[in-house]
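Below are my notes, in the order I looked things up.

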Amino acid sequence: MVQALDDSGAADPWRRRARRGKRQMPLWQELPLLLVVAFCLAVLIRTFLLQAFFIPSGSMEDTLLVGDRVVVNKVVYNVRNPQRGEVVVFRGTDAWVPQVDVQPPTGFVDKLGRTVGDLVGVGRPGEKDFIKRVIALPGDRVSCCDDQGRVLVNGTPLDESAYVLRDSPLDLPPNPEECRSRRFEEIVVPPGHMFVLGDHRQVSQDARCQGTVPIDNVVGRAFAVVWPSDRWHSLPIPETFATVAPPRTATGGAAPVRPTSDGGVVLLLPIATTLSVLARSRRWRSAEQRRLLP
């Protein structure tokens with residue numbers, strides 16, 4: 001290594017101090033710092049960008065199975081409204097009966113584990129967290145059924161064979177207090193609300209008997225299954241929703257942003273920017289380490 005010498009030929013003490021100040025931190029000191037930074041990033045991502053949700057019931061089978069974990073984009077609906085056919089996580093209203101029995105934590109370790117899990121976005125869902133498929137939007141007229149037993153949205157029948165494998169029976173009369181029947185009377189979705197159904201219609205408690213859901217209650221769009229590893233797949237909008245006619249009366253408002261097949265464009269932009277900044281920072285540090293002192 002080249003050393004700077006003063007007039008007497010001795011090494012410059014200020015340069016020696018500068019070199020000592022640029023020495024890397026030992027691993028045993030750097031690791032706790034990295035863990036704290038990673039935890040803070042996880043909390044920020046969970047709060048503003050995406051969150052993992054555990055599937056506790058069979059109301060969305062076979063699209064989602066009990067024990068699956070889905071990733072939910074929490075920022076996409078800041079720039080547009082939900083679209084028909086998307087799978088969304090939302091907070092149920094007072095009329096929605098919880099489908100899972102959430103047991104209170106027992107003991108300090110259990111409480112700590114749940115708290116940390118909730119902070120980083122891998123905890124169990126609350127009793128008012130639901131996941132369903134959006135069928136109709138404000139102003140839409142939705143009913144069931146036509147002569148082939150299909151759901152109608154603005155008079156357009158939906159071909160749901162790709163995702164509804166267990167439909168409710170047609171011979172049961174409609175009952176507004178339970179969701180056992182496939183049939184329900186025509187509903188005009190009120191402004192600011194959406195009509196949602198589960199893919200497993202035989203067991204799903206949804207808008208057929210519990211009413212529409214305010215769009216403001218939506219947590220985000222579920223766009224991929226990430227666990228278990230052998231079930232990795234995206235959750236695109238089924239093609240049948242592309243043929244749905246618009247509502248008879250316009251509801252006004254700005255035109256929605258066209259959704260992507262996986263709902264990830266809005267999410268990828270900040271993540272890509274962050275990764276780019278980190279990569280540049282790493283290259284700069286490497287260059288500084290390789291540079292010879294004058």
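Predicted model: local features only at pLDDT ≥ 70, side-chain atom pairs only at ≥ 80, totals over all residues.

Residues are numbered from 1 along each chain as its sequence is written, and side-chain values use heavy atoms, with hydrogens and water left out.

Next I asked how many aromatic pairs a search of the whole structure finds. It finds five. Rings of Phe, Tyr and Trp (its six-membered ring) pair if their centres lie within 6.5 Å; planes under 30 degrees apart count as stacked, over 60 as edge-to-face and the rest as tilted.

I looked at Phe 90 and Phe 130: the ring centres are 5.8 Å apart and the planes at 20°, so this pair is stacked. Phe 90 belongs to strand β3 (residues 87–91) and Phe 130 to strand β4 (residues 129–136), so the pair ties together parts that are 40 residues apart in sequence. Helices (H or I, at least four residues) and strands (E, at least two) are DSSP runs, numbered from the N terminus. Both Phe 90 and Phe 130 are buried, where buried means under 20% relative accessible area, exposed over 50%, and partly exposed in between (1.4 Å probe, protein chains only).

Tyr 163 came up again, since Tyr 163 and Phe 241 form a stacked pair, 6.4 Å centre to centre with 20° between the planes. Tyr 163 is in the loop between β7 and β8 and Phe 241 in the loop between β12 (233–234) and α5 (265–290), so this pair ties together parts that are 78 residues apart in sequence. Tyr 163 and Phe 241 are both buried. I also found that ring pairs link Phe 90, Trp 96 and Phe 130 into a cluster.

**Strands**

I counted up the elements: the protein chain has five helices and twelve strands. For pairing I want at least two DSSP bridges between two strands.

Since Phe 130 is in β4, I followed that strand. β3 and β4 pair antiparallel over five bridges, and Arg 91 has Asp 129 as its bridge partner in β4. β4 also runs antiparallel to β9, joined by three bridges, with Arg 133 opposite Leu 197 in β9.

Five bridges join β1 to β2, antiparallel, and Leu 50 is partnered by Asn 73 in β2. Another five join β2 to β11 (residues 218–227), also antiparallel; there Val 70 stands opposite Val 225.

Then I traced an open sheet of four strands, in the order β7-β6-β5-β8, with antiparallel pairing. β7 and β8 are its edge strands, each pairing on one side only. Within it, β5 (residues 141–144) is joined to β6 (residues 151–153) by three bridges, and Cys 144 stands opposite Val 151 in β6.

**Cores**

I took a nonpolar core as a set of buried Ala, Val, Leu, Ile, Met, Phe, Trp, Tyr and Cys residues joined through side-chain atoms within 4.5 Å. The largest has 30 residues, and among those touching the most other members are Phe 90, Ile 135 and Phe 195. β3, β4, β5, β6 and β9 (193–197) each supply at least two residues of this core. A second, separate core of 13 residues includes Ile 55, Met 60, Val 89 and Val 225.

**Two spot checks**

Gln 51 sits in strand β1 (residues 50–54) and counts as buried because its relative accessibility is 9%. Pro 173, in the loop between β7 (156–157) and β8 (184–188), counts as exposed because its relative accessibility is 60%.
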